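Here are my notes on this one, point by point. Have the model open while you read.

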Amino acid sequence: APPSARQSRRQKRPRIQRYIKSTYKLKRDINTHKCVDVYLKNGKVIKLNGFLDTGNNMIDPITKKVVVIVNSKKIFNEFKDLYYLVPYNTIEGSGLMKCIVPKFIYVSDIGKVNNVVIGYTSQEFKIEGVNCLLNNLLKGE
């Protein structure tokens, strides 16, 4: 093939590779990013942006409910005195997390989830736009 045809093919490859990478990223984001509605027992609904976190397998050892972690104070301002503590372990250490029991949550592409508690952390999540880490065990629901 003439040199110009070879150059043309080389120029197309990076474009195709970028397209494949961006399609893969979009598919991954669609599968892991979820809209979450938390229905509280006082009748309020709080909307969150969730991320299906494969590293979050936290379960309340007493109730055996899965723990969804939020860093939104909106929920916990409503229930300052109605939380209970759930033990957790991470790579960085262990501790007790403040948790409340919602009426239920609704997660896009998963549906209504009843067997859940909401845990609060003051740490910012490193995923842009996310204020809720969904439990990995919700994938099977």
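**Notes on the model**

1. Let's start at Val 116, which sits in strand β8 (residues 116–120); strands here are DSSP runs of E with at least two residues, helices are runs of H or I with at least four residues, and both are numbered from the N terminus. Val 116 counts as buried, at 0% relative accessibility, where buried means under 20% relative accessible area, exposed over 50%, and partly exposed in between (1.4 Å probe, protein chains only). Leaving aside neighbours within four places in sequence, Val 116 is in contact with Lys 65, Val 66, Val 68, Val 101, Pro 102 and Ile 105; contact means heavy atoms within 4.5 Å. Its C-alpha is 9.2 Å from that of Asn 135, 19 residues apart in sequence.

2. Some ground rules before going further. This is a predicted model, so local features need pLDDT of at least 70 and side-chain atom pairs count only at pLDDT 80 or more, while totals for chains, interfaces and linings use all residues. Residues are numbered from 1 along each chain as its sequence is written, and side-chain values use heavy atoms, with hydrogens and water left out.

3. Now the overall layout. The chain has two helices and nine strands, and from the N terminus the order reads α-β-β-β-α-β-β-β-β-β-β. Of its 141 residues, 35% count as buried. Among contacts with a separation of 6 or more, 62% are between residues 24 or more positions apart. The accessible surface comes to about 9,600 Å², and carbon and sulfur atoms hold 53% of that (Shrake-Rupley method, 1.4 Å probe; for residues, only the protein chains shown count as cover).

4. Not counting residues up to four places away in sequence, Val 67 touches Asn 56, Met 58, Ile 59, Asp 60, Met 97, Cys 99, Val 117, Gly 119 and Asn 135. Val 67 and Ile 118 are 51 residues apart in sequence, yet their C-alpha atoms are 5.7 Å apart.

5. On to the largest pocket, with a volume of about 840 Å³. A pocket here is an open set of points on a 1 Å grid over the protein atoms alone where a 1.4 Å probe fits, with protein on both sides within 12 Å along at least five of seven lines, and lining residues have an atom within 4 Å of a point. The volume is the space filled by probe spheres set on the points, which are joined across faces, edges and corners. There are 23 lining residues, with Ile 69, Tyr 88, Thr 90, Gln 123 and Leu 133 nearest the centre. Elements giving two or more residues to this lining are β4 (84–89) and β5 (94–100); β4 has the largest share, three residues.

6. Finally, check two backbone angles. Most residues other than glycine have a negative phi. Lys 64, in the loop between β2 (45–53) and β3 (66–70), has a positive phi near 65 degrees and is exposed at 59%. Asp 109, in the loop between β6 (104–107) and β7 (111–113), has a positive phi near 70 degrees and is exposed at 66%.
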